[in-house]
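Colleague: I have a model open and want to learn how to read it. Can we go through it feature by feature?

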Amino acid sequence: MFNKEQITGTLVNYYATCKREAWLYAHHIHADQEDENVAFGKAMADIKEQNLQEFAFANLKFDKLSKERGHYVVTEYKKSLKNEYAAKMQLLFYIYLLKTGLNLKEVKGKIISGKKVVLVEDSDENFAILEQILGEIEELANMPVPPKFEHKKICDNCAYRNYCI
């Protein structure tokens with residue numbers, strides 16, 4: 001039985017991108033490790049590990065946690081922002097856990113992709129959306145079979161495409 005404590009930032013990102021991909025990931029079905037995007041992600045992670053201080057909390061890992069002007073800032077570095085909404089939900093998930101798990105009062109978030117910086121607000125409205133998503137992820141992960149395949153533009157470059165197309 002899958003429960004909310006098993007949800008990771010990556011799973012939130014996948015859910016916001018594709019529910020079928022999220023189901024596969026939740027069931028420990030791995031993406032094609034030879035896929036060009038997976039290889040690029042691994043290379044980027046290696047670079048990050050050399051240059052950034054990674055902060056691990058519970059079963060989560062985010063790229064950077066710093067303190068600026070009296071509040072904490074979680075920073076995520078992304079290769080691209082093709083799905084900005086998914087990146088925002090992933091970062092909001094980290095902020096949510098820091099605020100609820102560690103009782104931090106003020107946590108802000110930013111996503112950096114190249115020269116673009118996206119700020120993420122920890123508003124009550126955003127947390128309400130996230131809490132709804134977390135409930136939906138739990139429900140999805142407990143389904144015995146994945147949702148039906150629906151072709152989207154992103155499918156052609158997805159490392160899980162062999163399970164769908």
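Colleague: Where is N103 placed?

Modeller: This is a predicted model, so take each value as computed. N103 lies in the loop between α4 and β5 (107-113). Its phi is near 55 degrees, a positive value in a residue other than glycine. N103 counts as exposed, because its relative accessibility is 61% and the cut-off is over 50%.

Colleague: Which loop holds R69?

Modeller: The loop between β3 (64-68) and β4 (71-77). R69 is not glycine, and its phi is positive, near 45 degrees. At 84% relative accessibility, R69 is exposed. H28 has a positive phi too, near 60 degrees, and H28 follows helix α2.

Colleague: Now the helices. How do I describe a packed pair?

Modeller: Two numbers do it: the angle between the axes and the distance between them. Take helix α4 (residues 84-101) and helix α5 (residues 124-141). Their angle is about 100 degrees, and their axes are 10 Å apart. Angles of 65 to 115 degrees count as roughly perpendicular, so α4 and α5 are roughly perpendicular to each other.

Colleague: Which residues of α4 and α5 meet?

Modeller: From α4 come Y85, M89, L92, F93, I95, Y96 and K99. From α5 come N126, F127, I129, L130, E131, I133 and L134. By class, this contact has 11 nonpolar residues, one polar and two charged.

Colleague: What angle does helix α1 make with α4?

Modeller: About 150 degrees, with the axes of α1 (residues 9-17) and α4 8 Å apart. That makes α1 roughly antiparallel to α4. The crossing is right-handed. On the α1 side, the contact uses G9, T10, V12, N13, A16 and T17. On the α4 side, it uses Y85, A86, A87, M89, Q90, F93 and Y94. The α1 and α4 contact has eight nonpolar residues, five polar and no charged ones.

Colleague: How do I judge whether helix α2 is enclosed or open?

Modeller: Count its buried residues. In α2 (residues 19-26), six of the eight residues are buried, so the helix is largely enclosed by the rest of the structure. They are R20, E21, A22, W23, L24 and A26. These buried residues pack against α1 and α5.

Colleague: Last, the whole chain. What pattern does the protein chain follow?

Modeller: It has five helices and six strands. In sequence order they run α-α-α-β-β-β-β-α-β-β-α. A compact globule of 165 residues would have a radius of gyration near 15 Å; this chain has 16 Å, which agrees. The C-alpha trace spans about 50 × 30 × 25 Å along its principal axes. Buried residues make up 39% of the 165. Of contacts between residues at least 6 apart in sequence, 67% join residues at least 24 apart.

How values were computed
Residues are numbered from 1 along each chain as its sequence is written. This is a predicted model: local features need pLDDT of at least 70, side-chain atom pairs count only at pLDDT 80 or more; totals for chains, interfaces and linings use all residues. Side-chain values use heavy atoms; hydrogens and water are left out. Axes are lines fitted to C-alpha atoms, for helices over the stretch in contact, and angles run from 0 to 180 degrees between N-to-C directions. Helices (H or I, at least four residues) and strands (E, at least two) are DSSP runs, numbered from the N terminus. Angles under 35 degrees count as roughly parallel, over 145 as roughly antiparallel, 65 to 115 as roughly perpendicular and the rest as oblique. Contact means heavy atoms within 4.5 Å. Ala, Val, Leu, Ile, Met, Phe, Trp, Tyr, Cys and Pro count as nonpolar, Asp, Glu, Lys and Arg as charged, and the others, Gly among them, as polar. A crossing is left-handed if the near helix is turned anticlockwise from the far one by less than a right angle, and right-handed if clockwise. The radius of gyration is taken over C-alpha atoms; the globule rule is 2.2 Å times the number of residues to the power 0.38. Buried means under 20% relative accessible area, exposed over 50%, partly exposed in between (1.4 Å probe, protein chains only).
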